[in-house]
Amino acid sequence: MIRAGLTQLGAAALPFVLALAIGAIVLAATGHDPLSVYALMASEAFGGTRRIAATLTATTPLLLTGLATAVAFRSGVFNVGVEGCFYLGGLAAATLGFWLVGWPAIAIIPVALLAGALIGGAWMVAPAALKVRLGVDEVVTTLMLNFIAINLTSWLVNGPLLARGSANSATPAIEKAAELPRLLPPSTLHLGFIISLALVILYGFWDRFTVAGFRSRLIGLNARFCRAVGIDVPSLVFRMMILSGLIGGLAGAIHALGLVHRFVAGFSPGYGFTGIAVALLGRNSALGMILAALVFGALASSGATIQLFSDVPIEIVEVLQGTVMIFAVAKLGLLLRDRRRLA
């Protein structure tokens, strides 16, 4: 068992190690010392309470977008539409956050978070129905829905929901009562991190110790076998896609109430897509996704400040992030191949 665990850990860490090696080559080719740069990045990500808080803040949305992707992936469903759910959930929560004037925090925060989750789940109804009723490939439909969601929210935030007198594409700021409490003021770490971490841990228990979790995993491994033993595969696939959308929408709502405190154009730098890499790097396990989200959170956190203390361009950090994603997503090709073989 220990050997199997080490093997899995090695497989999960391999994309990151390869990315560091490629990044080192790029740094050396541009005249930088790779070891010094990596040491600086580690210091900026974990060097003290303030930097750790910043890293955990950057990790928060990735925990949930990774989880949203994983609950679909493990059922054999390749939902790449979490980015769209993230946008819609964020807009819904931010809108209620400035509309519900005078509501106490104990009411406005749950309502706004619930609204964000529900709109994310509703956004997945159409692709889920198309998949289970007509066999339409969910990769295509969910990918296209991302563009619709991003452009729809952009139109709304530049039109009906644009803050009065604002020159930027942004909604009004949410009510103070709607903001998620800060955990370590004056850092930006907020209650959303605890909520996200708790949901990932809950997913781990559901995956390991419940019948529903076992059935979901079994469908992902071999849907044909599940149909043969009488498991209602279409119904379970439909529900898992909706659950994925719910979590994606909640991720956007937490980001709006916890960090941005409004909705702005370009609300997400690609959290939904990075969530795919988080799920793949974490091999759909709770612990794996926590570690993978922490890796990307550390890269994002250190990348934002590394330019202040060195002449290393931010593009180098983005090269590292992109390389990790490429090696992680290579796993997706293998999964798609296996799914076609077992279907």
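**Salt bridges, cores and a surface patch**

Lys131 counts as partly exposed, at 21% relative accessibility; here buried means under 20% relative accessible area, exposed means over 50%, and partly exposed lies in between, with a 1.4 Å probe and protein chains only. The partner of Lys131 is Glu138, and the closest N and O atoms of this salt bridge are 3.0 Å apart. A salt bridge is a side-chain nitrogen of Lys or Arg within 4 Å of a carboxyl oxygen of Asp or Glu. Glu138 itself is buried, at 1% relative accessibility.

Colleagues, a word on the source: this is a predicted model, in which local features need pLDDT of at least 70 and side-chain atom pairs count only at pLDDT 80 or more, while totals for chains, interfaces and linings use all residues. Residues are numbered from 1 along each chain as its sequence is written, and side-chain values use heavy atoms, with hydrogens and water left out.

The whole structure holds five salt bridges. In one of them, Asp207 meets Arg74 at 1.9 Å, N to O. This pair links distant parts of the chain, with Asp207 in helix α8 and Arg74 in the loop between α3 and α4, 133 residues apart; helices are DSSP runs of H or I with at least four residues, numbered from the N terminus. Arg74 is buried, with a relative accessible area of 6%, and Asp207 is buried at 11%. Shared partners join Arg74, Asp207 and Arg217 into one network of salt bridges. Arg74 also touches other residues, including Tyr203, Trp206 and Asn284, where contact means heavy atoms within 4.5 Å.

The largest nonpolar core has 77 residues, and Leu67, Ile219 and Leu257 have the most contacts inside it. Such a core is a set of buried Ala, Val, Leu, Ile, Met, Phe, Trp, Tyr and Cys residues joined through side-chain atoms within 4.5 Å. A second, separate core of 11 residues includes Ala24 and Val317. Among the residues that Leu67 touches are Leu199, Ile247 and Met289.

What of the cysteines? Cys85 is buried, with a relative accessible area of 1%, and Cys226 is buried at 0%. The count of disulfides is zero, a disulfide being a pair of cysteine sulfur atoms within 2.5 Å.

Finally, the loop between α7 and α8 holds Leu184, which is partly exposed, with a relative accessible area of 39%.

How values were computed. Helix = DSSP H or I, 4+ residues; strand = E, 2+ residues; numbered from the N terminus. Lists of a residue's contacts leave out its neighbours within four places in sequence.
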